[in-house]
Amino acid sequence: MKLGIVSAIFDQSNFEEMIDIVAENGLDCVEVACWPAGKAERRYAGVSHIDTKNLTEEKATEILAYCKQKKVEISALAYYPNPLDENLEKRQEAIDHLYTLIDAASLMDINLVTTFVGRMQSKSVSENLKEAAKVWNPIVKYAEKKKVKIAIENCPMLFTEDEWPGGQNIMTSPSNWRKVFELIDSDYFGINYDPSHFIWQQIDYLRPLYEFKEKIFHVHYKDIKIYADKLADVGVMATPLEYMSPKLPGLGDVDWGNYVSALTDIGYEGYTCIEVEDKAFEKTYEDVKKSVTLSTKYLRNFII
């Protein structure tokens, strides 16, 4: 397995500076954030280390050369919007930009895009499944032609009242995965596996690895801490950030030894990337950089 980082945390650095930080930490790879230009609507969004819309062959060659010089591989091109947004204008903007990532991944021979399926947050699961099939089958067929795989992260995108009640991503559970994979049946359509999102949903974060091992194209390392006293006060029907918080790997409730052990059980040898979303390490940009060093040092106990 190769250990890397999700670049969205480096929102104050350009591409070269970001790659330098990754290399300085001895990381093998990076999942590169490729949002469109413009103001982000939420934390960790809107970061664009590669402008996929205007990417030329010359620029792609330059990017890959810099990565090779620093001995850092690009694991995937990342963009996490809501392609099933009930605002059809926003939906189309997300889909259009997603196509630019597929084109860029093909051009750069990276051949993996990480994203969300999305969700109409006021609609039922069954309604969303029908919509997902309608929206995503054309996208996946295009990706197949370009020989680019798409890995869907299992984040529910449900944290605060802004995403209430249903969240903004339907790929949230093993049950939903089975249903989506029946409707979007392609060897190019799979999972970007993050154990932390299962913690607060009270889902076993190890068991799905075994069932869906052929569908796991990319892996995240992010931790979640459940605050028992807060959960006892507000209950599971509350918005999740009222009783849990994202943490650096090793500072939350994921058993990382068991998790990496399970990845070795299923023979996973692909890219694995740290995803930093811990507010305790965001006071300054130096704190952000320290969080990467700490996470890397911790996970090197399991991945070398």
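This report walks through the overall build of the chain and then its salt bridges.

## About the model

The structure is a predicted model, in which local features need pLDDT of at least 70, side-chain atom pairs count only at pLDDT 80 or more, and totals for chains, interfaces and linings use all residues. Residues are numbered from 1 along each chain as its sequence is written, and side-chain values use heavy atoms, with hydrogens and water left out.

## Overall build

Ten helices and ten strands make up the secondary structure of the chain; helices (H or I, at least four residues) and strands (E, at least two) are DSSP runs, numbered from the N terminus. Along the principal axes, the C-alpha atoms fill a box of roughly 50 × 40 × 40 Å.

Of the 304 residues, 54% count as buried (under 20% relative accessible area, with exposed over 50% and partly exposed in between; 1.4 Å probe, protein chains only). Among contacts with a separation of 6 or more, 77% come from residues 24 or more positions apart, a contact being heavy atoms within 4.5 Å.

Side chains of opposite charge can pair when their charged atoms come close. The whole structure holds twelve salt bridges, each a side-chain nitrogen of Lys or Arg within 4 Å of a carboxyl oxygen of Asp or Glu. In one of them, Lys-70 meets Asp-20 at 3.5 Å, N to O. Lys-70 lies in helix H2 (residues 57-70) and Asp-20 in helix H1 (residues 15-24), so this pair ties together parts 50 residues apart in sequence. Lys-70 is partly exposed at 30% relative accessibility, and Asp-20 is partly exposed at 21%.

Another bridge joins Glu-211 and Arg-178 at 2.7 Å, N to O. Here helix H7 (residues 207-211) is linked to helix H5 (residues 174-183), the two residues being 33 apart.

## A buried pair and a network

Lys-222 sits in the loop between strands S7 (216-221) and S8 (223-226), and Glu-275 in the loop between strand S10 (271-274) and helix H10 (285-299), so the bridge ties together parts 53 residues apart in sequence.

Elsewhere, Arg-91, Glu-131 and Lys-134 are linked in a network of salt bridges.
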